[in-house]
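Subject: Handing over a structure, with notes on what was found

Dear colleague,

I am passing a structure on to you, and I would be grateful if you could look through it before reading my notes. The sequence and the structure come first, and the findings come after them.

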Amino acid sequence: VIFHDTSTPNYRTQPWPVSIDDDPKINNLARYECDNDIERAHVFINRIGAIFLAHDFTVPWRATKFETAKNYGSMLKGLFLHIELIQPRRALKGYGRRNDFMAPDPGFSQAQYDSLALVYAVASRRAGFWLIPAFHSVLDEGIRNKHDDPQNFDLAAFAEKVADLREGLRRRAGDHTATRD
């Protein structure tokens, strides 16, 4: 599973909105829908935790420079699942107005981590084993014009949400079993 951030919208040199987690411009998942199925990921998760499924996980997809490198041909197609987390960006001074180097800190909302844990657990369940999470930036390391996402991702917060979800499912399964006896 590859974690990405959308790096949009880009506020350039403008300040962040008062609450980026509640801003409708930032959280508009419709901006990632395409009529011709060219969305760049399987799933998009906005800052309030809403999930947009662009492609079922059974659909082979490539969304990194590493996967599309010509020397691999089609060998890597379908090997990764791609999850985009909505994250606005701003221009970092000294690099021109059009850059998107500056991400908010913290980078993602608790609602995003909740939904990401759920999507990750569902994908892992469908695969039959816990998938290995990876960052887009790490996968593209060493490639010219590589991506830098997801910026300010809190791995401990994600791991905690996955553990909470597992424990909740375990308790629920135990409760369900107890009511049937």
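This is a predicted model: local features need pLDDT of at least 70, side-chain atom pairs count only at pLDDT 80 or more; totals for chains, interfaces and linings use all residues.

Residues are numbered from 1 along each chain as its sequence is written, and side-chain values use heavy atoms, with hydrogens and water left out.

To begin with the overall picture, the protein chain has five helices and five strands, where helices (H or I, at least four residues) and strands (E, at least two) are DSSP runs numbered from the N terminus. Read from the N terminus on, these elements follow the order β-α-β-β-α-β-α-β-α-α. The C-alpha atoms fill a box of roughly 65 × 45 × 35 Å, taken along the principal axes. The radius of gyration of the protein chain is 18 Å, which agrees with the value near 16 Å that a compact globule of 181 residues would have; the radius is taken over C-alpha atoms, and the globule rule is 2.2 Å times the number of residues to the power 0.38. Of the 181 residues, 42% count as buried, a word that here stands for under 20% relative accessible area, with exposed meaning over 50% and partly exposed in between (1.4 Å probe, protein chains only). Among contacts (heavy atoms within 4.5 Å) between residues at least 6 apart in sequence, 62% join residues at least 24 apart.

Next come the nonpolar cores, each being a set of buried Ala, Val, Leu, Ile, Met, Phe, Trp, Tyr and Cys residues joined through side-chain atoms within 4.5 Å. In soluble globular proteins, nonpolar side chains tend to be buried together. The largest core here has 20 residues, and those with the most contacts inside it are Val1, Phe3, Ile45, Ile83, Leu116, Phe153 and Phe158. Two or more residues are given to this core by each of β2 (43–45), β4, α3 and α5 (155–180), and its largest share, six residues, comes from α3. Phe153, not counting residues up to four places away in sequence, touches Phe3, Leu85, Phe108, Tyr113, Leu116, Phe135 and Phe158. There is also a second, separate core of 10 residues, which includes Tyr11, Ala41, Phe44 and Ile86.

The aromatic rings deserve a paragraph of their own. The structure holds 13 aromatic pairs, counted when rings of Phe, Tyr and Trp (its six-membered ring) have centres within 6.5 Å, with planes under 30 degrees apart called stacked, over 60 edge-to-face and the rest tilted. One of the pairs is that of Phe66 and Phe80, which is edge-to-face at 6.4 Å centre to centre, with 70° between the planes. Because Phe66 lies in helix α2 (residues 65–68) and Phe80 in the loop between α2 and β4 (82–85), this pair ties together parts that are 14 residues apart in sequence. Phe80 counts as buried, at 13% relative accessibility. Another edge-to-face pair joins Phe108 and Tyr113, at 6.2 Å centre to centre and with 80° between the planes; Phe108 is buried, with a relative accessible area of 4%, and Tyr113 is buried too, with 2%. Ring pairs also link Phe3, Phe108, Tyr113, Tyr120, Trp130, Phe135, Phe153 and Phe158 into a cluster.

Charges meet rings as well, the rule being that NZ of Lys or CZ of Arg is within 6 Å of the ring centre and within 35 degrees of the ring normal. Lys25 lies over the face of Tyr11, 5.1 Å from the ring centre, and the charged end of Arg90 sits over the ring of Trp16, 5.5 Å from its centre.

Finally, there are three single residues. Gln110 lies in helix α3 (residues 110–127) and, at 45% relative accessibility, counts as partly exposed. The side chains of Gln110 and Lys161 are joined by a polar contact of 3.4 Å, that is, a pair of N or O atoms within 3.5 Å, of which, within protein, one must be able to donate a hydrogen and the other to accept it, and residues adjacent in sequence count only if both atoms are side-chain atoms. Asp100, in the loop between β4 and α3, is in contact with Ser7, Asn10, Arg89 and Arg90, leaving aside its neighbours within four places in sequence. Ser137 lies in helix α4 (residues 136–139) and is buried, with a relative accessible area of 15%.

With best wishes
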